[in-house]
Amino acid sequence: MIPSPSAAEEVRVMLCDDSATARSILARLLESEAGIRVVHRAADGRAAVAAVAAVKPDVVLLDLEMPVMDGMTALPLILKAAPQAAVIVASALTQRGAKAAIAALAAGAADYVPKPQGAAGGAADPAFRAELIAKVRGWARMKRQAGAPPPRPALPRAAPVAAKGRPSLVAIGCSTGGPQALAALVQRLPRLPVPVVVVQHMPAGFTTMLAEHLDRLGALRCAEALEGETLSAGRIHLAPGDRHLLVDATTGGFAARLTSDAPENFCRPAVDPMLRSAARAAGGKVLAVILTGMGHDGLEGCRAVAAAGGTVLAQDEASSVVWGMPGAVARAGLAALLAPPEALAERIAALTADRAVA
């Protein structure tokens, strides 16, 4: 569950979409949630830019395809006029839409949501509604806290770093807010001497664009995983949308296996099957990393990693858009470290070095 903010923490949202129907549907959806108020509706990017400074929204929900001024043109102007606002772009569930969404993230957007299919019917989908609300609330909180993290609940004592020696595989799982967390992590990682596998909850097509984006950020090469390919040191193998990514042991290494098995935790790809297979294939020499995301996908997989002798790291609450997945791991006492992505990158580099340190 995502807690409802108090009146003092009301989230102010600006909608920018050329469709009056879409604006009306989204406004009703958002305002059905306690603590969220739509304070302005704009029909194109130019109107949004003209109003945003005076409206002072916490979040701008920005369509990318509009007449007069499209979302990509408006994005930097909105960010300049209202630096306190988080911009969440809405893109079509197409290859073109995916490319535009990832380009918007690189240009400063906080996040994206795939536009619901079938107008009112798509917007009523519980999964779309949950994702939208989580991102609106999460990014509003992230912007407001501005380096002052909220008090954290007492957690079990951190798990120790595994004593099995250097991990032979790094396995990362994430969901809501994950693309930006992954970018922050990847651009600070050196070329690692072990392979990296990543599951990000994302539709088919979007993962292709995400892989290309991550490939440009740092020392690690990144691509969608291919069936049967060898997992190579210094490379990130990203689960394709709508396929589970599993890890198989091979002579002297690992290989990727893609399946269309049933979703787990309502997701495909899911983090749990990837981690369970990684723990088996690597004999416990796995470094699991859980980043921001709704729900608890990854919890059971991290239990398997820890039971096999591997190490688990997780993103901290202050830097997570939604502390569902990493929070579940933390509350279970499985995480050896809770930290923002930048610090997690440092620990990953240290633990995978030829002479790893705790």
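# Exercises on salt bridges, a sheet and a helix pair

The side chains of Glu131 and Lys135 meet in a salt bridge, with N to O at 2.7 Å. A salt bridge here is a side-chain nitrogen of Lys or Arg within 4 Å of a carboxyl oxygen of Asp or Glu. The model is predicted: local features need pLDDT of at least 70, side-chain atom pairs count only at pLDDT 80 or more, and totals for chains, interfaces and linings use all residues. Residues are numbered from 1 along each chain as its sequence is written, and side-chain values use heavy atoms, with hydrogens and water left out.

**Exercise 1.** State where Glu131 and Lys135 lie, and classify Lys135 as buried or exposed.

Solution. Step one: both residues belong to helix 6 (residues 126-145), 4 residues apart, about one turn of the helix. Helices (H or I, at least four residues) and strands (E, at least two) are DSSP runs, numbered from the N terminus. Step two: buried means under 20% relative accessible area, exposed over 50%, and partly exposed in between (1.4 Å probe, protein chains only). Step three: Lys135 has 3% relative accessibility, so Lys135 counts as buried.

**Exercise 2.** Classify both partners of the salt bridge between Asp248 and Arg257 by accessibility.

Solution. Step one: the side chains of Asp248 and Arg257 meet at 2.8 Å, N to O. Step two: Asp248, with a relative accessible area of 26%, is partly exposed. Step three: Arg257, at 32% relative accessibility, also counts as partly exposed.

**Exercise 3.** Give the strand order of the open sheet and its edge strands.

Solution. Step one: two strands pair if DSSP finds at least two bridges between them. Step two: the 5 strands run in the order 2-1-3-4-5, with parallel pairing. Step three: strand 2 (36-42) and strand 5 (111-114) each pair on one side only, which makes these the edge strands. Step four: within the sheet, strand 3 (residues 59-63) and strand 4 (residues 86-91) pair over 5 bridges, and Leu61 stands opposite Ile88 in strand 4.

**Exercise 4.** Describe how helix 2 and helix 3 are oriented to each other.

Solution. Step one: axes are lines fitted to C-alpha atoms, for helices over the stretch in contact (heavy atoms within 4.5 Å), and angles run from 0 to 180 degrees between N-to-C directions. Step two: the axes of helix 2 and helix 3 (residues 71-81) come within 9 Å and cross at roughly 5°. Step three: angles under 35 degrees count as roughly parallel, over 145 as roughly antiparallel, 65 to 115 as roughly perpendicular and the rest as oblique. Helix 2 is therefore roughly parallel to helix 3.
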